[in-house]
Amino acid sequence: MNVVVNRLNKLSKKHFFLFVILALSFISSMLFVHHNHSFYERLIAEVIETELVDAAETIDMHNNEDMLFTQQIVAEIKNGEKKGQLIHLTNEFSSSGAYDHEFHTGHELFVSMDAEIADTGELTGTITDVKRDTHILIVAWMFIFILLLVGKKQGLYAIISLIVVAVLLSYALDVYIHTSDLSLLWICSISVILFTVISLLLVGGFNEKTYAAIVATLLGTFSLLLITFLVMWLTSEKGLRYEEMQFLTRPPQMIFMAGVLIGALGAVMDVAITMSSSLFGLYDKNHSISVKALKTSGMEIGKDIMGTMTNILFFAYISGSIPMLVLYLMNASPVGFTLSMNLSLELARALAGGIGIVLTIPIGLYTTIFFVNRKRARL
Amino acid sequence: MNALVLLAAILFLLMVVIGGKKGARSFIALFLNFAVIFLTVFFMLNPYTNPIILTLVACTVISCINLFYINEVNIKTKTAFVSTVITIVLLLFFIVIVTENTMIQGFGEEEIEELSIFSLYIGVDFVKIGAAVIIMSTIGAITDVAISITSPMREIFHHHPDIGRKALFLSGLSIGRDILSTSANTLFFAFFGGYLALLIWFKDLAYSIGQVVNSKVFSAEMITIFSAGIGVALIIPITSWITAYYLVKTREADKPAE
């Protein structure tokens, strides 16, 4: 207990203020998601009783075995006119659970009520979706707490930059959707410039190091875009299977290119700031360091980060296709077809991002040397 | 000419020109990693294997490739490897619990229409596969942060051989903090780039906030982003502690022999 008091005393007012704000927003947001049912137009019901009524084995045409279950659910309606009444639902689920779920007491579900009331006077309905916001919020808070705990100020900046990027991107997409004459690529290019300036200033502050990184990032990203465009044009997009791109409401080529641009941006920024801060670090230690020595060290650093950086993008893109690959292959689709259908765009994105990362190494090197020389000339 | 082949050729050329031998190794590592993912998917097809254990094995192999093949086997990569594996195990527990509770496994209603030709009752456990996806999408970043902490820590230890365990641990933490926001940013942008089509879809179909937040696809993407951030943050204290412990221990083991 004494330790706690001592630590509290040591905290400055600013920290204390931050803690209070954090605790208050945590508590109020948790209270809100647990009691926000009346804000939803869709009917929400909380499961209070489940009963397994049927279990059957099934074998599909590809000899995959699975178990199918049926459960009867009694749930309490949480919003709308019928609030507080019980509703009877039927849920079918499988043990693999690709598109179904087993429900337990306490789960909250979106339901639609049947218009007719059964002879017994019971309300019946069907389950349309699961209410996930409470769980997402808990994970979001865990993310915030762990980042703050480990990263302190840097963790806070990471969270702020995530929020700023998300809000800006959402706004940029709104602009794109409401003004049909502006191309998505133009909007994303402008957003890329904004993202770069904001994120790098947040990470590095206002100094030459950051300016060098910003210039290198922009040069790197746009040369990546140029190369990808050239490749698309030269090969007339052969080998890219847009037909399996999901969630399409617009022409896929533009969405794909914009995705390449934004997806690679983070990695390119990372490379640019690593190059500029380590080269400026060398210059700060020894002001008379020769350009040649800077070049050699820069290339060494570049070689070190190249492999791991390309891997980050590679895994972030490819992993998402695993469930699809499993589904295709279990349904006896040919391997080559499955891979080209599900992975061609992801691979292209990862390869293009890799090109951006590798290109940024010399670009970042020469930009930083330019800024170092400028600083040297001023002294 | 196939666009993928041309892109791969350009990447290979650039990596060799700029990175020399190490660049070539980095490029080969990409293909080895692809082979590992591919093999993992094949093992997942058997309903009697546990996807979680498969993922653990796959992640171990991947971190071997990323750390020992691209770099070399030395103290830096060894401690980075141990820390990566520990973090993956911790993160895996967390992610399995989260995927079970949020029910984000498998496919969302937005995807299901185009999958109508497929049989969905295929006997594999999609909850565990969902957890595997999240952990695999972070593994690249986790090994990256681990190696970025152990190499400067090794340098610090080299320049100050008398440094204490706690001081070394704290310097590791501060190195980690400096790279935390850029690494987290790398992942965030990568995911945002991948989700662009989904975001436009939500906006075009005028989903309400309630519908977006509770939909399976969006929840899955958010959980992936949060778990990735948690993973990148968790690896920092773990790597710093293990490296500090190991380096100081080897020094103490060396002393009596002098």
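This is a predicted model: local features need pLDDT of at least 70, side-chain atom pairs count only at pLDDT 80 or more; totals for chains, interfaces and linings use all residues.
## A pair of helices in chain A

In chain A, helix H4(A) passes helix H6(A) in a right-handed crossing. Two packed helices are described by the angle between their axes and the distance between the axes. Helix H4 of chain A comprises residues 184-204 and helix H6 of chain A comprises residues 252-285; the two pack at an angle of about 20°, and their axes are 10 Å apart. Angles under 35 degrees count as roughly parallel, and H4(A) and H6(A) are therefore roughly parallel to each other.

Which residues of H4(A) and H6(A) meet? From H4(A), the contact includes A:Leu184, A:Leu185, A:Cys188, A:Val192 and A:Phe195. H6(A) contributes, among them, A:Met254, A:Ile255, A:Met257, A:Ala258 and A:Leu261. By class, the contact of H4(A) with H6(A) holds 16 nonpolar and three polar residues, with no charged residues.

## Domains and annotated spans of chain A

Chain A is divided into three parts: domain 1 (2-35), domain 2 (40-131) and domain 3 (183-378). Between the C-alpha centres of domain 2 of chain A and domain 3 of chain A there are 45 Å.

The unreviewed UniProt entry gives the feature "transmembrane region" for several spans of chain A, including residues 16-33, 134-150, 157-177 and 183-204. Residues 134-150 of chain A are 100% helix and 0% strand, and the end C-alpha atoms of this span lie 24 Å apart. Residues 157-177 of chain A are likewise 100% helix and 0% strand, with 30 Å between their end C-alpha atoms.

## Overall build of chain B

What elements make up chain B? It has eight helices and zero strands, and the order from the N terminus on is α-α-α-α-α-α-α-α. Taken along the principal axes, the C-alpha atoms of chain B fill a box of roughly 70 × 45 × 40 Å.

Chain B is divided into domain 1 (1-42) and domain 2 (45-257). The centres of these two domains of chain B, taken over C-alpha atoms, are separated by 21 Å. Domain 1 of chain B gives eight residues to the contact, and domain 2 of chain B gives nine residues. The side of domain 1 of chain B that touches domain 2 of chain B consists of four nonpolar, three polar and one charged residues.

## Annotated spans of chain B

For chain B, the UniProt annotation "transmembrane region", taken from an unreviewed entry, covers residues 29-45, 52-69, 81-99, 120-143, 179-202 and 223-248. Over residues 29-45 of chain B, the chain is 94% helix and 0% strand, and 25 Å lie between the end C-alpha atoms. Residues 120-143 of chain B are 75% helix and 0% strand, with end C-alpha atoms 34 Å apart.

## Helix H3 of chain B and its partners

How do H3(B) and H5(B) pack? Their angle is about 150° and their axes are 8 Å apart. Angles over 145 degrees count as roughly antiparallel, and H3(B) and H5(B) are therefore roughly antiparallel to each other. H3(B) passes H5(B) in a right-handed crossing. The residues of this contact of H3(B) with H5(B) divide into 14 nonpolar, ten polar and three charged.

H3(B) also packs with H8(B), at an angle of about 150° and with the axes 8 Å apart. H3(B) and H8(B) are therefore roughly antiparallel to each other, and H3(B) passes H8(B) in a right-handed crossing. On the H3(B) side, the meeting residues include B:Thr79, B:Ala80, B:Val82, B:Ser83 and B:Ile86. On the H8(B) side, they include B:Ser219, B:Ile223, B:Ser227, B:Ile230 and B:Gly231. The contact of H3(B) with H8(B) has 14 nonpolar and nine polar residues, and no charged residues.

## Where the two chains meet

How many residues of chain B are in contact with chain A? There are 98 such residues in chain B, and they contact 107 residues of chain A. The elements of chain B that give two or more residues to this side are helices H1 (3-44), H3 (75-102), H4 (109-112), H5 (126-159), H6 (165-204), H7 (209-214) and H8 (216-254).

Among these elements, H6(B) gives the most to the side of chain B that touches chain A, with 25 residues. By class, the residues on that side of chain B are 61 nonpolar, 28 polar and nine charged.

Terms used
Residues are numbered from 1 along each chain as its sequence is written. Chains are lettered from A and ligands numbered from 1 in the order in which they are written. Two residues are in contact if their C-beta atoms, placed from the backbone, lie within 7 Å. Helices (H or I, at least four residues) and strands (E, at least two) are DSSP runs, numbered from the N terminus. Ala, Val, Leu, Ile, Met, Phe, Trp, Tyr, Cys and Pro count as nonpolar, Asp, Glu, Lys and Arg as charged, and the others, Gly among them, as polar. Domain bounds come from an automatic or database domain assignment. Axes are lines fitted to C-alpha atoms, for helices over the stretch in contact, and angles run from 0 to 180 degrees between N-to-C directions. Angles under 35 degrees count as roughly parallel, over 145 as roughly antiparallel, 65 to 115 as roughly perpendicular and the rest as oblique. A crossing is left-handed if the near helix is turned anticlockwise from the far one by less than a right angle, and right-handed if clockwise. UniProt positions are given in the numbering used here, feature names are shortened, and annotations may be inferred rather than shown by experiment.
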